[in-house]
Amino acid sequence: MDGARQPDRRILLAGGLFAATAALTGCSSASTAPAAAGASPQARPTMQPTTRPTTPEAAFTRLVEGNQRWVSGNLQHPDRDPDRREFVAQEQKPFGSVLACIDSRVPPELLFDTGLGDLYVMRTGGEAVGPVVTGSVEYGPMTSGTPLIVVLGHQRCGAIEASYTSLKDGKPLPGNLEAIARALRPAYEQAVREGGSDPIDTMARAQVTLTAADLRSNQDLAPLVRKGTLAVIGAYYSLDTGKVEVLSGAPS
């Protein structure tokens, strides 16, 4: 962003969201039939900031504890009932944003034992990023103060393996899958430099750390990181154990 002449992006986003919400609310009110005479309107639940971690450290602790429950099988299944659905129907304030792979075995809401309204979740093959994905990751921190971003890679990632083989052999993947391989090239090149007995796993971990570092230094997110109101974590999920391992960026 270029100094004072550029409008603050967070203000623009928040203003646009407010205007859209107001317009939608007006449409809803106009189309709703009046309540029957004598009936007392039911009060809508309001968001309670005290139920939501507001610091990177508290949000990180919440996710760590949830993953520990997932590993042990002692799940609480929080925020997954009709009361919670009603509670978040009018407003959401998730405490974390997770960029994960599309793999069906890696659902962030489950492996962190969270529920409705707790996490923003973005999922792409191999956590590949581009402008739309990056904008989606920025959404929470820049519009509602979400204090934590997690880039979550995982064991035996099919997108990583396919991209590694494609780049190694010089054979493009079919269709738009090739765009994933191109996005993962920096991780591939780092894995080649590092070597090792399992280059695909090395590439999966490299993709996480590189992506987390890029988000941490992002021109819009970096000021929040420097202020300590946002942490960007790189993490790796084991399909065998269910455990999430932190690779970089854990708040202290």
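This is a predicted model: local features need pLDDT of at least 70, side-chain atom pairs count only at pLDDT 80 or more; totals for chains, interfaces and linings use all residues.

Q: Okay, how many helices and strands does the chain come to?

A: The secondary structure comes to 10 helices and 5 strands.

Q: And what share of the residues counts as buried?

A: Of the 252 residues in the chain, 39% count as buried. As for contacts between residues at least 6 apart in sequence, 69% of them join residues at least 24 apart.

Q: Let's do the sheet. What order do the strands have?

A: The order is 2-1-3-4-5, in an open sheet of 5 strands with mixed pairing. From one strand to the next, the twist averages 25°.

Q: Which strands stand at the edges?

A: Strand 2 and strand 5 (244-248) do. Each has a single partner strand, so one side of each has no neighbour in the sheet.

Q: How do strands in a sheet pair up, by the way?

A: Through backbone hydrogen bonds, and the pairing can be parallel or antiparallel.

Q: Then how does strand 1 run with strand 2, parallel or antiparallel?

A: Strand 1 (residues 96-100) and strand 2 (residues 119-123) run parallel, joined by 5 bridges. For one example, Gly-96 has Leu-119 in strand 2 as its bridge partner.

Q: What about strand 1 and strand 3?

A: Strand 1 and strand 3 (residues 148-154) run parallel too, with 4 bridges joining them. Here Val-98 stands opposite Val-150 in strand 3.

Q: How many residues of strand 1 are buried?

A: 5 of the 5 are buried, so strand 1 is largely enclosed by the rest of the structure. Both of its faces are covered: Gly-96, Val-98 and Ala-100 are buried on one side, and Ser-97 and Leu-99 on the other.

Q: Moving along, how many bridges join strand 3 to strand 4?

A: There are 7 bridges between strand 3 and strand 4 (residues 231-237), and the two run parallel. If you want a spot to look at, Ile-149 stands opposite Val-232 in strand 4.

Q: And strand 4 with strand 5, parallel or antiparallel?

A: Antiparallel, with 4 bridges joining strand 4 to strand 5. Ala-235 has Val-246 in strand 5 as its bridge partner.

Q: What do strand 4 and strand 5 form?

A: They form a hairpin, with 6 residues between the two strands. In the turn, Gly-242 has a positive phi of about 85°.

Q: Now the helices. Which strands does helix 2 lie across?

A: Helix 2 (residues 56-72) lies across strand 2, strand 3, strand 4 and strand 5. Helix 2 runs at about 35° to strand 3.

Q: Which strands does helix 9 touch?

A: Helix 9 packs on the sheet and touches strand 1, strand 3, strand 4 and strand 5. Its direction makes about 170° with that of strand 4.

Q: How do helix 8 and helix 9 pack?

A: Helix 8 (residues 185-194) and helix 9 (residues 199-216) pack at an angle of about 125°, and their axes are 8 Å apart. That angle makes them oblique to each other. The crossing of helix 8 past helix 9 is right-handed.

Q: Which residues make that contact?

A: On helix 8 they include Pro-186, Ala-187 and Tyr-188, while Met-203, Ala-206 and Leu-210 are among those on helix 9. By class, the contact has 8 nonpolar, 4 polar and 1 charged residues.

Q: And helix 6 with helix 9, at what angle do they cross?

A: At roughly 110°, with the axes of helix 6 (residues 158-169) and helix 9 coming within 9 Å. Helix 6 and helix 9 are therefore roughly perpendicular to each other. This crossing is right-handed.

Q: Which residues are in the contact there?

A: Ile-160, Glu-161, Ser-163 and Tyr-164 of helix 6 meet Pro-199, Ile-200, Met-203, Ala-204 and Gln-207 of helix 9. They divide into 6 nonpolar, 2 polar and 1 charged.

Q: Last one: is Asp-214 buried or exposed?

A: Asp-214, which is found in helix 9, is exposed, with a relative accessible area of 54%. Asp-214 and Thr-134 are 80 residues apart in sequence, and their C-alpha atoms are 9.9 Å apart in space.

Terms used
Residues are numbered from 1 along each chain as its sequence is written. Side-chain values use heavy atoms; hydrogens and water are left out. Axes are lines fitted to C-alpha atoms, for helices over the stretch in contact, and angles run from 0 to 180 degrees between N-to-C directions. Angles under 35 degrees count as roughly parallel, over 145 as roughly antiparallel, 65 to 115 as roughly perpendicular and the rest as oblique. A crossing is left-handed if the near helix is turned anticlockwise from the far one by less than a right angle, and right-handed if clockwise. Contact means heavy atoms within 4.5 Å. Ala, Val, Leu, Ile, Met, Phe, Trp, Tyr, Cys and Pro count as nonpolar, Asp, Glu, Lys and Arg as charged, and the others, Gly among them, as polar. Buried means under 20% relative accessible area, exposed over 50%, partly exposed in between (1.4 Å probe, protein chains only). Two strands pair if DSSP finds at least two bridges between them.
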